[in-house]
Amino acid sequence: MWRYLAAPALFIVLLGFFLVGLFRDPTLVPSPLINQPAPQFELPQLLDPERTLALSDLATGEPVLLNVWATWCVGCRQEHGMLVDISRSGEIPIFGLNWKDDRTAALRWLERLGDPYVAVAVDDDGRVAIDWGVYGSPETFLLDGQGIIRYKHIGPIDQAVWEREFRPRIAQLRQGDS
Amino acid sequence: MSMRGILMALMLLGLLLSAAPGWSAPHTPLTVEALSPLEDPAQRARYERLIREIRCLVCQNEPIADSNAPLARDLRREIRERIEGGSTDREILDFLTARYGDFVLYRPPFTPRTWLLWFAPILLLLGGGWVFWRVLRSRADKPLDDDEAWSEDPEPAEDTPR
């Protein structure tokens with residue numbers, strides 16, 4: 001009896017593997033930095049290169065976002081409006097990391113599309129991005145008040161992503177803090 | 001010369017030209033290394049080996065050695081500087097996996113999570129061998145009567161002339 005079932009059973013198991021694989025995005029690489037203290041950095045700011053932005057500026061006791069963006073990145077253009085909306089709503093402060101970009105282009109981008117960032121750090125040579133395990137943009141990190149990375153979103157943020165991935169986590173972090 | 005003759009001649013010419021060593025496209029590596037090669041041959045060898053072990057996360061089926069993606073270039077620079085700074089291979093790989101996960105390694109580490117991955121070839125071989133053995137056994141149990149064997153298969157085999 002079992003010999004007639006073995007082959008179909010094996011087939012169904014394989015089919016299961018393939019089905020799961022079919023709906024998983026292989027370009028999403030889980031970050032080992034989740035629940036780890038965020039890597040230290042200190043970089044010049046985009047608007048005022050005389051001033052620097054450091055990790056200590058992000059650990060304000062409240063959750064914050066760090067958004068990795070660049071003007072050459074299409075996904076960043078897509079999500080920019082959403083970031084501006086979030087920033088206007090005052091839900092959470094957004095910091096920026098301008099990754100391997102042209103300063104003039106970056107400044108023009110913010111002027112034209114609006115500036116959702118509290119401050120933007122300029123990572124010209126991409127060293128800080130490597131330290132943060134960034135492999136594409138946009139990537140958005142959610143940091144808790146103590147500067148620990150709690151979540152990273154790879155790809156543009158839209159309304160659905162915001163409500164599904166970010167809002168519950170931010171609410172949870174705020175609850176944990178109080 | 002007919003149209004077909006001309007075409008044939010052109011194809012032959014193309015074949016000859018592509019075969020002639022002087023005419024074939026030069027086999028240059030696709031990656032242009034902006035930096036000068038490392039001075040120390042031992043360090044250069046380590047660098048060359050390490051950049052073949054690290055996956056480019058932008059173009060996931062390439063090692064960073066073959067990729068021109070900006071991130072791959074940055075990672076090559078990072079590895080180079082760490083070699084020059086005296087880091088061991090282990091330290092460099094640990095640095096990268098701490099940030100990008102085991103996925104950056106082309107050779108996954110041997111951990112409980114990857115046991116199945118590493119043992120799968122052996123398991124499949126053993127499983128296949130077992131099935132093979134079972135089939136042989138069941139064949140051996142059948143009587144080796146020529147007439148009966150033929151009568152089981154009324155259709156002539158493909159290669160027998162009808």
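This is a predicted model: local features need pLDDT of at least 70, side-chain atom pairs count only at pLDDT 80 or more; totals for chains, interfaces and linings use all residues.
In which sense do strand 3 and strand 6 of chain A pair, and over how many bridges? Residues are numbered from 1 along each chain as its sequence is written, with chains lettered from A in the order in which they are written.

**View 1. Pairing of strand 3 with strand 6 in chain A.** The two strands are antiparallel and share five bridges (pairing requires at least two DSSP bridges; strands are DSSP E runs of at least two residues and helices H or I runs of at least four, numbered from the N terminus). Strand 6 covers residues 139–143, and its A:Leu143 is the bridge partner of A:Val64.

**View 2. Strand 3 and its parallel neighbour, strand 4, in chain A.** Five bridges connect strand 3 to strand 4 (residues 94–99), with A:Leu66 opposite A:Phe95.

**View 3. Burial of strand 3 of chain A.** Six of the six residues (64–69) are buried, so the strand is largely enclosed by the rest of the structure (buried: 20 or more other C-beta atoms within 10 Å of the residue's own; exposed: 12 or fewer; partly exposed: in between; C-beta atoms are placed from the backbone). A:Val64, A:Leu66 and A:Val68 point one way, and A:Leu65, A:Asn67 and A:Trp69 the other.
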